[in-house]
Amino acid sequence: MKLRRSMLFVPANNPGIIRDSYLYKPDSVMFDLEDSIAITEKDSARCLLFNMIKKLKPLYKEAGVETVVRINSLDTEFGIQDLEAMVRAEIEVIRIPKTDTPEDVYEVEKHIERIEREAGIEIGKTKIIVAIESPLGALNALSIAKCSPRLIGMAIGGEDYVTNLKTTRSTDGVEMMMGRAMIVMAARSAGIAAVDSVYSDVNNDEGFIKEAQMIKQMGFDGKSLIHPRQIELVHKVYTPDEKNIKKSLRIIKATEEAMAEGKGVFTVDGKMIDKPIIERAQHVLELAKAAGIKMGGDE
Amino acid sequence: MELKVRAVAGTLESSDIYVVMEPGASGIELELKSTVADQYGDDIRKVVDETLNEMGVKAAKITLDDKGALDVVIKSRLQTAIMRAAQSKEFKWE
């Protein structure tokens, strides 16, 4: 399973940052053609990212860093051109901004499929993440989350969401709670990733960690990030502790033994083990592995 | 592709290149300023030639101020400047 603890925003008109961003080892890099690019530079950013993705894709892949692009909305003059370029460059994931209804996804999907066909790319290869940025999108989250096999994740875009809710962002994030809850529930119901919003105060590590701990506990896979220094912080929040890792190793070992012996029911540390506990243990070990922790035979 | 107006693309930031593209009477007139001109001047000119050929530009006056851009960045900024100078939006993504 692909981890998405960290999704780093990178403005798509800066060649130095595009060249280097995989070196910071986020789980995903999200190149931005939307809000961080001035209207007069949309053509320039699109052209630069098209050529650089084609060239640098192998380096990103080798580093295990997923490539995502946030396109402009299809109701702007830039959206279709963004898709024309990015699908042909074979970026892995298209992030659709301001998604309010399943129809918003169908519209993008229709163009992706056409372009894949025209370019001789395997149909369905290009995946989609949606960003929910309004109360309407949050209310439609479940139908959106289940609307396309291309959909691999659902994110919440905090700034637009609170503006549309007619409020502002606060330190405790109370205004985000309803939206976050609906999005994580919808994403989990559909079996796709749930990605939290950015934390804009890049110098406030304490506030960032507190928010990351909260969204992790809510069930989110990770956060969108605006600065490379936030990558290590969020990865640490998602790194399981030693006790949890050891327990998970015991559960997986016992599961393998039980399967070999044909046992359906078994216990570890006196507690009955069932499917959700095994899945949690597997996830803990994936997170530990991603954090570079040596386990089992590596000890 | 025929250039109609003066156009610019890119920036003067590190790892980028600033391109000024102007219609020319005939042939290609190139002025290159680069932080790495001694080592990579010929390579940059090669990227310019290839990009102009690919886009069918026969006449242009081009001024480049390079700040250590990769070939792929030079190509991108040239392509953008050419499209802007030709006042075209029909880019061929290939």
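Start with what covers the buried residues of helix α3 in chain A: the cover includes α2 (42-62), β3 (66-70), β4 (93-96) and α4 (102-119) of that chain. Here, cover goes by contact, meaning heavy atoms within 4.5 Å, and buried means under 20% relative accessible area, with exposed over 50% and partly exposed in between (1.4 Å probe, protein chains only). This is a predicted model, so local features need pLDDT of at least 70 and side-chain atom pairs count only at pLDDT 80 or more, while totals for chains, interfaces and linings use all residues. As for bookkeeping, residues are numbered from 1 along each chain as its sequence is written, chains are lettered from A and ligands numbered from 1 in the order in which they are written, and side-chain values use heavy atoms, with hydrogens and water left out.

**Covered helices in chain A**

- Helices (H or I, at least four residues) and strands (E, at least two) are DSSP runs, numbered from the N terminus.
- Helix α3 of chain A spans residues 79-88 and is mostly covered, with 8 of its 10 residues buried.
- Those buried residues are A:G79, A:D82, A:L83, A:E84, A:A85, A:M86, A:V87 and A:R88.
- Helix α10 (residues 229-237) of chain A has its own buried set: A:Q230, A:I231, A:L233, A:V234, A:H235 and A:V237.
- For α10 of chain A, the cover over the buried residues includes β1 (6-11), α9 (205-218) and β8 (222-225) of chain A.

**Salt bridges**

- Side chains of opposite charge can pair when their charged atoms come close.
- A salt bridge is a side-chain nitrogen of Lys or Arg within 4 Å of a carboxyl oxygen of Asp or Glu.
- Over all chains, a search of the whole structure turns up 37 salt bridges.
- One of them pairs B:R84 with A:D43 (2.7 Å, N to O). B:R84 sits in helix α2 (residues 71-85) of chain B and A:D43 in helix α2 of chain A, so this pair joins two chains.
- A:D43 counts as partly exposed, at 28% relative accessibility.
- A:R88 is in helix α3 and A:E118 in helix α4 of chain A, so the pair ties together parts that are 30 residues apart in sequence.
- A:E118 is partly exposed, at 48% relative accessibility.
- A:E90 and A:K125 form another salt bridge, their closest N and O atoms being 2.6 Å apart. This pair links distant parts of the chain, 35 residues apart: A:E90 is in the loop between α3 and β4, and A:K125 in the loop between α4 and β5 (127-132), both of chain A.
- A:K125 is partly exposed, with a relative accessible area of 41%.
- There's also a network of salt bridges, linking A:D32, A:E34, A:R70, A:K98 and A:D160.

**A buried charge without a partner**

- A:K42 lies in helix α2 of chain A. A:K42 is buried yet has no salt bridge, and the nearest side chain of opposite charge, A:D35, is 6.0 Å away.
- Setting aside neighbours within four places in sequence, A:K42 is in contact with A:L33, A:E34, A:I37, A:N72 and A:F78.

**Positive phi angles**

- Most residues other than glycine have a negative phi.
- A:E90 isn't a glycine, but has a positive phi of about 60 degrees. A:E90 follows α3 of chain A, and is partly exposed with a relative accessible area of 29%.
- A:K166 also isn't a glycine, and its phi is positive, near 60 degrees. A:K166 lies in the loop between α7 (158-164) and α8 (177-190) of chain A, and is exposed with a relative accessible area of 76%.

**Charged surface patches**

- Patches are made of residues with over 30% relative accessible area and no salt bridge, with like charges joined within 9 Å.
- A:K243, A:K247, A:K271 and A:R280 form a positive surface patch.
- A:K243 is in helix α11 (residues 242-260) of chain A, and is exposed with a relative accessible area of 72%.
- A:R280 belongs to helix α12 (residues 275-290) of chain A, and is exposed at 55% relative accessible area.
- On chain B, a patch of negative charge gathers B:D43, B:D49, B:E50 and B:D71 on the surface. Helix α1 (residues 37-54) of chain B gives the most to this negative patch, with 3 residues.

Note on methods: Patches are made of residues with over 30% relative accessible area and no salt bridge: like charges are joined within 9 Å, nonpolar side chains (Val, Leu, Ile, Met, Phe, Trp, Tyr) within 5 Å. Accessible areas come from the Shrake-Rupley method with a 1.4 Å probe; for residues, only the protein chains shown count as cover. Lys and Arg count as positive and Asp and Glu as negative; His and the chain ends are not counted. The place of a charge is taken as NZ of Lys, CZ of Arg, CG of Asp or CD of Glu.
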